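Dear colleague,

I am passing on a structure for you to look through. My notes on the findings follow below it.

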Amino acid sequence: MNIQNYINGKFTPPFSNEWIDNYCPADGKVYGQIPNSSKADVENAYTAAKLAFPDWSKTTLETRSRILIKISELLEANLQRFAEAESKDNGKPINLAKTVDIPRAASNFRFFGNAITQFASESHESVGHNAINYTLRQPIGVVGCISPWNLPLYLFTWKIAPAIAAGNCVVAKPSEVTPITAYLLGEICTEAGLPNGVLNIVHGLGTTTGQAIVEHPDIKAISFTGGTATGAHIAKVAAPMFKKLSLELGGKNPNIIFADCDYNDMLETTVRSSFANQGQICLCGSRIFVEAPIYEKFKTDFVEKVKQLKVGHPSKEDTNIGALVSKPHLEKVMQYINIAKQENGTILYGGHKITIADYENGYYLEPTIIEVPTDECRVNQEEIFGPVVTIMPFNTEAEVLQIANKVKYGLSATLWTNDLKRTMRMSNKLQSGIVWVNTWMLRDLRTPFGGVKDSGMGREGGFEALRFFTEAKNVCIKY
Ligand code: NAD
C-alpha cells in the first residue's frame, strides 16, 4: 500500500520522490511505502493552510461543529476498515483497535465538534473606572501537530480536532512508523466537507518532515506527543521563535497497590494497565509497588493471570498481546530485559522473544514481569515502553510515595486503596498530571490531560485544548 501526502484536499507525492518502507510488525515484511516529505512539501502544506485560514476562521461554529461531527460519523461507519488498517500497521490486536483506538478517534471529533459550541471567554468589569474588558479567543493561524506511533489515529485526532474546531488550519505529521490511518483520514475529511487546506497531512521522518514543521517560522504553535528527548529538541528549536508549545512526553508511571484494595478488580485492571497495547501506552503502570502483607499473594496471582494472556497475530480475535511496533523497538525492549538481569532483577515471567508459526519474522515478545531488589535501577527509572513491568514490595505510605516520585517523569499514577484519607493525601502529593484511584485509563474528554517534570508541558483535553489553540486578546472599553 503506497500512500501520499494530503495537501489542499488532494493526494500528492513528495517533490523529492523519496520514499520510506513501511513494515508490518506482525510478519516483519515491507507492505508499502510512504513519502519522506521535505521542506518543500511542508511549505506546500503551509501555503494551502494559510490560504484556507481566512475563510475557515470565519466559518460559523455551527458549520465547523457539523463538519467535525460528520467526520466522527464517517469514522464510525468505517470502523472495521480503520481498525484493520491500524492493527496491521501497528501490530496491536484488532479487538483493541476496534474497541479503543478507532472509537476514541471518532469521539475526539464528536467531542470537539460539540465543545466548540460551548467554548466561551471571560468579561471583567473594571468597577469604579467605567470600563469593561472582554477577552477575545482568536485562532492562532497555521499550527503544527506531530504524533507518535503507539495510538496512531487516536492521538493524531486528539490534536487535530481541537485545532480545527478552534478555527486554525493544520499541518500535521503522523509517525512514519504508523502512517496508514492518518492517510485514510484524508479521504474522510474530504467526504465530510472539510474545506481544502484546513487539514494537511504530510508524511515522513521526524528529522526531515517533523523538523521542517517545527522550524517553519510561520507555523506559530506546535502540539507534539512523543518521546522526552524529541520534546526537548523541539523546545530548543521552537523557543527562539516564541512558538506556543504543548509537549506530551514519556512516562514511567507507578501503580501503587495497598492491601485494603478491592483485590480482584485491582488484579484484573493491573494486567491491563501493564500489558494493554503490548505495554506501549504512555499511561501504562510500568512500576508496580505492592504493600508487603499482600506482596507474595499478588506475585503468584499476577504471574498466573499474565500466563493466560495469548500472544498472537494481531488480526486474530482472541489475541491479547500482538506484535511490538518495530524491530528496533523490540530490540530496545529486549535490551532492557538484559539490563534487568545485570542489575540482579529476577524475571518472574516472560523475557523471551516469541516465534509464531508462519510469522517467524514478526516482532513478538512475552509479557515480562521483573522483580527488582531496589527502585534505583535502570529498569525502574527509564522508560521501556513495552510489555515489561517491574514489581517490588513496600511497607509504608511515606516510603511508597517517595519511591513513586523518585523518577524524572510525572505523567500518571494509579492508586489502589479504599482508605479515603490516604487517597486524598497521596493524590495531593503524587508528582503526576493524572492520578487514577481504583481504576485505570477511564477517560472523560473534558478533563485536563498531560504530565509534569520530564513528561511534558501544557495540557490537552476539553477547554484546555481550545485555549491552547487560541490566543487570548483583552479588549478594554471605557464608557
Ligand atoms: P518520537 O519522539 O520518536 O516520535 C514522535 C513523533 O515526533 C513522530 O512523528 C516523529 O517522526 C516525530 N519527530 C521525531 N524527531 C523529530 C524532530 N526532530 N522534529 C519534529 N518531529 C520529530 O516518539 P515515538 O517513539 O513515536 O513514541 C513513543 C514515545 O511517545 C514514548 O516516549 C511515549 O511515552 C510517548 N508518548 C507520550 C504520550 C503522552 O500523552 N504523554 C502519549 C503517547 C506516547
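Buried area here is the accessible area, taken with a 1.4 Å probe, that two parts lose on being put together, summed over both. The model is predicted, so local features need pLDDT of at least 70 and side-chain atom pairs count only at pLDDT 80 or more, while totals for chains, interfaces and linings use all residues. Residues are numbered from 1 along each chain as its sequence is written, and side-chain values use heavy atoms, with hydrogens and water left out.

The domain assignment, which is automatic or from a database, gives domain 1 (5-249 + 455-478) and domain 2 (254-444). Their C-alpha centres are 30 Å apart. Counting contact as heavy atoms within 4.5 Å, 29 residues of domain 1 and 31 residues of domain 2 take part.

Between them the domains bury about 2,300 Å², with 54% of it on carbon and sulfur atoms. A26, W149 and S455 supply 23% of the area that domain 1 buries against domain 2, more than any other three residues.

One salt bridge (a side-chain nitrogen of Lys or Arg within 4 Å of a carboxyl oxygen of Asp or Glu) is counted between domain 1 and domain 2. E317 and K98 form a salt bridge through their side chains, at 3.3 Å from N to O.

On the side of domain 1 that touches domain 2, β3 (19-24), α3 (79-90), α4 (94-115) and α5 (152-165) each supply at least two residues. Helices (H or I, at least four residues) and strands (E, at least two) are DSSP runs, numbered from the N terminus. The most comes from α4, with seven residues.

Aromatic pairs are rings of Phe, Tyr and Trp (its six-membered ring) with centres within 6.5 Å; planes under 30 degrees apart count as stacked, over 60 as edge-to-face and the rest as tilted. The count is ten such pairs. F11 and Y183 pair edge-to-face, with 5.1 Å between centres and 65° between planes. F11 lies in strand β2 (residues 10-12) and Y183 in helix α6 (residues 180-192), 172 residues apart.

Regards
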